[in-house]
Amino acid sequence: MEESPFGCHSFASSTVRIMRFLSQTASKQREDSFIAKEDSRPDDIVIPVMGPTGSGKSTFIANVLGEDAQDKPQTSVSLDSCTQVVQHYIVDSATSDNVSNLSGRRIILVDTPGFDDTGVSDFDILRRVSAWLENSYREGTRVGAVIYIYPVYPGRYSHNDRSNLKIFSKLCGKNALTRVTLATSRWDEHGDQDLLERREADLQSHWRYMLECGASTGRLGRFNDPDHRYSAATLLKEVVSKAISREQSEGELAGVILDLQQQVVLQQRELNQTGAARELKKKLDSLVKEYESMGDNPVVRAKARDVVRQLDNLKISVVGRLKLFLLGN
Ligand SMILES: Nc1nc2c(ncn2[C@@H]2O[C@H](COP(=O)(O)OP(=O)(O)O)[C@@H](O)[C@H]2O)c(=O)[nH]1
Ligand SMILES: [Mg+2]
């Protein structure tokens, strides 16, 4: 049999290889996707949606887009995430039945993979988000608002949750926090509203710094309840109207430059020299300590190896350290 360009002999294995090659190419393209200048409008309101895996980011975007949308994000049915690339979805409020009255402007919702993903390392996630923000910035896109989704449903607010929020906060930077909405999801999942409200108050005490710096809060449920209190469209309208009033008070359409964009594009820092990456390094350092205290077994060893690999990626060079010292955080 003639050898195929992919160097394999059987049709079945060459098909598998071609598929794998195509999917790698596709995921590379998607990973590096951004809003090209010719596709963007100066008054687009760009909103990255972030938060832990499984918190409901893709569900929120899918609900905004509506059932009939042809292109919408996949949501996960297990703890494994579906969203491993950064991808944007356009909501045209002039034509959408779901979200009318948004001044007829286009809203661009950016779905992102969350940290603590089962299949992708935190470092890779930060790299992907950073690449998206960097490329979009270079194409002239400015962020109008940022939504961080976290489940309200009772559970311990862990050290990891705290670390992830710190990475997020550093990624935005203090000046951008007035554009941030910290939204709790899963308000439909528990009958006891008082309990959920106590849980929300507890979460807000963990988020105090960001709230004191001007971040807002919001609520989400899976279903569009009859009075739309927790619907995706209601949250989006709140976020967009805040972004528009901020534009009006600042007198221009341009959104905000996130600290990560400032550091990577304007200060030309390597990713590992950014504030967000330094926060990630702290998280990984404390994970290594945790694994050390768990004793030796194959699972812990595999996890520790993965974390050490990420720390290797984050190694800050001597030049980098000097730059950080001179530039501050
Ligand atoms: N009950 C309920 N389930 C939700 C809500 N938001 C998301 N989910 C479910 O949680 C799972 C993870 O949601 P997904 O949007 O994929 O999370 P992501 O990883 O943040 O994108 C899916 O099974 C969703 O149906 C919510 O507000 N209420
Ligand atoms: Mg998702």
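## Two packed helices

Helices α3 and α9 lie roughly antiparallel to each other, a label used for angles over 145 degrees, while angles under 35 degrees count as roughly parallel, 65 to 115 as roughly perpendicular and the rest as oblique. Helix α3 (residues 122-138) packs against helix α9 (residues 275-293) at an angle of about 170°, and their axes are 11 Å apart; the axes are lines fitted to C-alpha atoms, for helices over the stretch in contact, and angles run from 0 to 180 degrees between N-to-C directions. On the α3 side the contact is made by Asp-122, Phe-123 and Leu-126, and on the α9 side by Ala-276, Ala-277 and Leu-280, where contact requires C-beta atoms, placed from the backbone, to lie within 7 Å. The residues of this contact divide into 5 nonpolar, no polar and 1 charged; Ala, Val, Leu, Ile, Met, Phe, Trp, Tyr, Cys and Pro are counted as nonpolar, Asp, Glu, Lys and Arg as charged, and the others, including Gly, as polar.

## Basis of the model

This is a predicted model, in which local features need pLDDT of at least 70 and side-chain atom pairs count only at pLDDT 80 or more, whereas totals for chains, interfaces and linings use all residues. Residues are numbered from 1 along each chain as its sequence is written, and chains are lettered from A and ligands numbered from 1 in the order in which they are written.

The protein has 11 helices and 6 strands, taken as DSSP runs (H or I of at least four residues for helices, E of at least two for strands) and numbered from the N terminus. Among contacts between residues at least 6 apart in sequence, 76% join residues at least 24 apart.

## The sheet

An open sheet is formed by 6 strands in the order β2-β3-β1-β4-β5-β6, with mixed pairing; two strands pair if DSSP finds at least two bridges between them. Strands β2 (87-92) and β6 (216-219) are the edges, each pairing on one side only, and neighbouring strands are turned by 25° against each other on average, direction ignored.

Strand β1 (residues 45-50) runs parallel to β3 (residues 106-111), to which 5 bridges join it, and Pro-48 has Val-110 of β3 as its bridge partner. Strand β4 (residues 146-151) is likewise parallel to β5, with 6 bridges between them, and Ile-147 stands opposite Thr-181 in β5. On to β6, β5 pairs in the parallel sense over 4 bridges, with Gly-218 of β6 as the bridge partner of Ala-183.

## Buried positions

Of the 329 residues of the protein, 34% count as buried, that is, with 20 or more other C-beta atoms within 10 Å of their own C-beta atom, placed from the backbone, as against 12 or fewer for exposed and values in between for partly exposed. Strand β5 (residues 180-185) is largely enclosed by the rest of the structure, because 6 of its 6 residues are buried. In a regular strand the side chains alternate between the two faces of the sheet. From β5, Val-180, Leu-182 and Thr-184 point one way and Thr-181, Ala-183 and Ser-185 the other way, and all are buried.

Met-50, in strand β1, is buried with 26 other C-beta atoms within 10 Å. Leaving aside neighbours within four places in sequence, Met-50 is in contact with Thr-112, Val-146, Tyr-148 and Phe-168; Phe-168 is 118 residues from Met-50 in sequence, yet their C-alpha atoms are 8.2 Å apart in space.

## Around ligand 1

Of the 22 residues around ligand 1, those that come nearest are Gly-56, Ser-58, Thr-59, Thr-75 and Arg-222, a residue being near if its C-beta atom, placed from the backbone, lies within 6 Å. Helix α2 (residues 57-65) gives the largest share of this shell, 3 residues, and the shell divides into 3 nonpolar, 14 polar and 5 charged residues.

Methods:
Contact = placed C-beta atoms within 7 Å.
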